[in-house]
Amino acid sequence: MFDEMITLKKLEVFLTFMKVGTLSEAAEKLQLSSVSVHRAIHSLEEGLKCPLFRQEGRLLTPLPSARVLEERVTQVLNDLQDGITSTREVAGLYSNQFKLGALYSLTISTLPQLIAGLKRRKSDLNIELSLGSNASLLGKLRSFELDVILISAEKTIDDVEYTHLPLFEDELMLAVSCDSPLANKSQIKLEDFQHENFVTLTDGFATSADTKKVFQQAGIQPNIAMELGDIFSLMSMVSGGVGYAILPRRVEHVFDTKIKLLSMENMADMKQQVVMVCLASRERDPRILNCIVECRNYAREYKARM
């Protein structure tokens, strides 16, 4: 076990003195008094139980033991700094690795613009993208597997544990196949679809939760023909005539030759709010701060286009 008199601070004072050679210069560099520097060195010798210097008048001349300690302590402190850096990087702090999570539907236009902005700010940033549901992304954020997520707003993000920034609101619409007789309409009443087949996303996805809210507001209990794990498979099922679906407007140009999105009467208040979320305890991370800036720019530009 180390003697309690041997501390990192005293070792720092010792190394500084060995580098500059005089008590006064070491004191100036460390912003201490010469007496404090001398006392720290003498205390270190007591803790080591061996001399490090020979007193020659007002000067301290290093002994061979001091040279050995200097070499070994320098190596130990360098290893310690590397260990601290590695620990922070594994925790996702202050590294060039940036783990971004998002909803599948945001890959259409939102994510490319945000990622391009982040790369302009920091070209060596290594961005790792994970796609998933609201629930899975929030879980990964809590467990430090992701740095920032882009999801649909939920009550859970009102918790003080999180910092969130609104990006935009998106209208929810009824998706029908372009081969459907409804494709030539611009607006429908969802109440008329009581006995129709619908396809939806599995529980945990924002659009799945929003679909249930839309049905509840319309006062209907539709037949759910199929549940899927991503929004693009869902749109394929709609285009194939398996059923209708409730989708956000932002996907309307993906399968625009195969599906059409129709506005729903009396559903103007049913919108999906997309937000950026990070842990409040990590919002000062430089990489997350850059993402916050880019998200603010995106939100401002989106609002200007509307």
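**The largest pocket and beyond**

A: Of the 17 residues that line the largest pocket, Asp170, Arg249, Arg250, Tyr302 and Met306 lie nearest its centre. Before we go on, please keep in mind that this is a predicted model, where local features need pLDDT of at least 70 and side-chain atom pairs count only at pLDDT 80 or more, while totals for chains, interfaces and linings use all residues. Numbering starts from 1 along each chain as its sequence is written, and side-chain values use heavy atoms, with hydrogens and water left out.

What is meant by a pocket here? On a 1 Å grid over the protein atoms alone, a pocket is an open set of points with protein on both sides within 12 Å along at least five of seven lines, a cavity is a set where a 1.4 Å probe fits but cannot get out, and lining residues have an atom within 4 Å of a point. The space in the largest pocket comes to about 330 Å³ (the volume filled by probe spheres set on the grid points, which are joined across faces, edges and corners).

Strand S6 (162-177) and helix H9 (286-305) each give at least two residues to the lining (helices, H or I, have at least four residues and strands, E, at least two; both are DSSP runs numbered from the N terminus). S6 has the largest share, with 4 residues. Sorted by class, the lining holds 7 charged, 6 nonpolar and 4 polar residues (Ala, Val, Leu, Ile, Met, Phe, Trp, Tyr, Cys and Pro count as nonpolar, Asp, Glu, Lys and Arg as charged, and the others, Gly among them, as polar).

Let us stay with Arg249, one of the residues nearest the pocket's centre. Arg249 makes a salt bridge with Glu171, their closest N and O atoms lying 2.7 Å apart (a salt bridge is a side-chain nitrogen of Lys or Arg within 4 Å of a carboxyl oxygen of Asp or Glu). Because Arg249 sits in the loop between strand S10 (245-248) and strand S11 (259-264), and Glu171 in S6, the pair ties together parts 78 residues apart in sequence. Both partners are partly exposed, Arg249 at 31% relative accessibility and Glu171 at 25% (buried means under 20% relative accessible area, exposed over 50%, partly exposed in between, with a 1.4 Å probe and protein chains only).

Glu294 is buried at 10% relative accessibility, whereas Arg121 is partly exposed at 40%.

A further salt bridge links Asp147 and Arg282, with closest N and O atoms 2.8 Å apart. Asp147 lies in the loop between helix H6 (134-142) and strand S5 (148-152), and Arg282 in the loop between strand S12 (271-279) and H9, so parts 135 residues apart in sequence are tied together. Both Asp147 and Arg282 are buried. They belong to a network of salt bridges that also takes in Asp285 and Arg287. In total, 13 salt bridges are counted.

Finally, two stops elsewhere. Gln31 has a positive phi of about 60 degrees although it is not a glycine; Gln31 lies in the loop between helix H2 (23-30) and helix H3 (34-48) and is exposed, at 74% relative accessible area. Lys49 likewise has a positive phi of about 60 degrees without being a glycine, is placed in the loop between H3 and strand S1 (53-56), and is exposed at 66%.
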